[in-house]
Amino acid sequence: QVQLVESGGGLVQAGGSLRLSCAASGSIFSINAMGWYRQAPGKQRELDARITSDGSTNYADSVKGRFTISRDNGKNTVYLQMNSLKPEDTAVYYCNADLVLYYRDHIKPYWGQGTQVTVSS
């Protein structure tokens, strides 16, 4: 069974830092793009950062210069380093990965269970 397991969320004061991790496990043929999304209460899920299999990245304007996405392909893991956190960054953060489970399979999106990040003022 394929799983994306996130870790690293928590409570931090404004201006602080957190590092989120997301590890993909199970029978996986290949991993394409991976990303981090957030969902605040009453709001839609939105993209924070995305990284392709060759390391190209893109960021939401709201996190540029503060968040850094990276990945370790050998560990099937994606990270999100979050610096200079603001109260408005408070949300549940979800990991996403576009997976191919076997040769010639279609690319399918998978999601983690989410990890809470709370930034106090």
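**Figure 1. Accessible surface and overall dimensions of the predicted model.** The model is predicted: local features need pLDDT of at least 70 and side-chain atom pairs count only at pLDDT 80 or more, whereas totals for chains, interfaces and linings use all residues. Residues are numbered from 1 along each chain as its sequence is written, and side-chain values use heavy atoms, with hydrogens and water left out. Taken along the principal axes, the box filled by the C-alpha atoms is roughly 50 × 25 × 25 Å.

Figure 2. The protein contains 11 strands and 0 helices, running β-β-β-β-β-β-β-β-β-β-β from the N terminus. The radius of gyration is 14 Å, close to the 14 Å that the globule rule gives for 121 residues, so the protein is as compact as a globular protein of that length. Strands (E, at least two residues) and helices (H or I, at least four) are DSSP runs numbered from the N terminus; the radius of gyration is taken over C-alpha atoms, and the globule rule is 2.2 Å times the number of residues to the power 0.38. Of the contacts between residues at least 6 apart in sequence, 55% join residues at least 24 apart, a contact being heavy atoms within 4.5 Å.

**Figure 3. The largest nonpolar core.** This core has 29 residues, and those with the most contacts inside it are W36, V78, L80, M82 and Y93. Two or more residues each are given to this core by β3 (18-25), β4 (30-39), β5 (46-51), β7 (67-72), β8 (77-82), β9 (91-100) and β11 (115-120). The largest share, 5 residues, comes from β9. A nonpolar core is a set of buried Ala, Val, Leu, Ile, Met, Phe, Trp, Tyr and Cys residues joined through side-chain atoms within 4.5 Å. Buried denotes under 20% relative accessible area, exposed over 50%, and partly exposed the range in between (1.4 Å probe, protein chains only). In the protein, 42% of the 121 residues count as buried.

**Figure 4. Surroundings of L80.** Not counting residues up to four places away in sequence, L80 touches L18, R19, L20, W36, A49, F67, T68, I69 and Y93. W36 and Y93 are, like L80, among the residues with the most contacts inside the largest nonpolar core.

**Figure 5. S21 and Y79.** S21 lies in strand β3 and, at 18% relative accessibility, counts as buried. Leaving aside neighbours within four places in sequence, S21 is in contact with V5, E6, S7, W36, V78 and Y79. Y79 belongs to strand β8 and is also buried, at 14% relative accessibility. With residues up to four places away in sequence not counted, Y79 touches R19, L20, S21, W36, T68, I69, S70, R71 and D72. The C-alpha atoms of Y79 and D89, 10 residues apart along the chain, are separated by 17 Å.

Figure 6. N76 is placed in the loop between β7 and β8, and its phi is near 50°, a positive value in a residue other than glycine. At 27% relative accessibility, N76 counts as partly exposed. S84 is placed in the loop between β8 and β9; phi of S84 is likewise positive, near 50°. At 42% relative accessibility, S84 counts as partly exposed.
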